[in-house]
Amino acid sequence: MRILGIDPGLNTTGYAVLDTVQSGAQIVEAGVIRSSTTREKPELAKRLSALYDGLTEIVEQLKPEVLVVEQLYSHYAHPRTAILMGHARGVIFLAGAQKNLPVLSYGATRIKKTITGAGRASKEQMQLAILREFRLPKMPEPHDVADALAVALCHYHTTRRTAEEIR
């Protein structure tokens, strides 16, 4: 199975594509989609369009079988952030649906618990777990890439466990 994991963002969206192989999961490609290459933030519609275009290009080139997105979490003190991130997630879901991909979501605590064993793991703990899991020579940068790898890896482990339970 080929899994596309997404860490959504309006300025920087992390993505990671994993292939499941006999020995586990291996990275096909990982990186970021940027909504702007300048310091100036374009208007929301242009940022969303750049996200959509970048994501559809990745899907067309790498041909994942499933798209997995980190669920939205926003503190109640920052409702504007939740609304803006909702736009980004909507574009991601639309891109997946238009390419006939199943689109799934996992909450941040579930991802952290699956990857590190602790639902409240820090960013650093997550990055170290990803570093070890994939035997990477250095920490994935920016952190959005490590987060996308974690989302995809969470789906891999979840589906593997489910398949083992069925047998």
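This is a predicted model: local features need pLDDT of at least 70, side-chain atom pairs count only at pLDDT 80 or more; totals for chains, interfaces and linings use all residues.
1. A residue is called buried when its relative accessible area is under 20% and exposed when it is over 50%. On the face turned away from its buried side, α2 carries the exposed residues P79, R80 and I83.

2. The buried residues of α2 are M85, A88, R89, V91, I92, A95 and G96. They cover an arc of only 150 degrees around the axis, which puts them on the same side of α2. Among the elements that cover these buried residues are β1, α1 (44–62), β4 and β5.

3. The length of α2 can be checked against expectation. Helix α2 (residues 79–98) has 20 residues and, at 1.5 Å a residue, should span 28 Å; the C-alpha atoms at its ends are 29 Å apart, so the two values agree. After the helix comes N100, which has a positive phi, near 60 degrees.

4. The strands form an open sheet of five, in the order β3-β2-β1-β4-β5 and with mixed pairing. Its edge strands are β3 (24–34) and β5, each of which pairs on one side only. From one strand to the next, the twist averages 25 degrees. As a general point, strands of a sheet pair through backbone hydrogen bonds, either parallel or antiparallel.

5. Strands β1 and β2 run antiparallel and are joined by six bridges; they form a hairpin with four residues between them. Within this pair, I6 has Y15 in β2 as its bridge partner. Strands β2 and β3 are also antiparallel, with ten bridges, and the hairpin that joins them passes through two residues. Here the bridge partner of L18 is I27 in β3. Strand β2 (residues 12–21) is mostly covered, with eight of its ten residues buried.

6. Parallel pairing is found on both sides of β4. Strand β1 (residues 2–7) pairs with β4 in the parallel sense over four bridges; I3 stands opposite V66, and G5 has V68 as its bridge partner. Strand β5 (residues 103–106) also runs parallel to β4, again with four bridges, and L67 stands opposite V103 in β5.

7. How many residues of strand β4 are buried? Five of the five residues in β4 (residues 66–70) are buried, so this strand is largely enclosed by the rest of the structure. In a regular strand the side chains alternate between the two faces of the sheet. In β4, V66, V68 and E70 point one way, whereas L67 and V69 point the other way, and all are buried.

8. Helix α2 lies across β1, β4 and β5, and runs at about 170 degrees to β4. The axes of α1 and α2 come within 10 Å and cross at roughly 35 degrees, in a right-handed crossing. In this contact, L44, L48, L51, Y52, L55 and T56 of α1 meet L84, H87, A88, V91, I92, L94, A95 and Q98 of α2. Of the α2 residues in that contact, A88, V91, I92 and A95 are among those listed as buried.

Terms used. Residues are numbered from 1 along each chain as its sequence is written. Side-chain values use heavy atoms; hydrogens and water are left out. Buried means under 20% relative accessible area, exposed over 50%, partly exposed in between (1.4 Å probe, protein chains only). Two strands pair if DSSP finds at least two bridges between them. The expected span of a helix is 1.5 Å times one less than its number of residues. The arc is that of the directions from the helix axis to the C-beta atoms. Contact means heavy atoms within 4.5 Å. Axes are lines fitted to C-alpha atoms, for helices over the stretch in contact, and angles run from 0 to 180 degrees between N-to-C directions. A crossing is left-handed if the near helix is turned anticlockwise from the far one by less than a right angle, and right-handed if clockwise.
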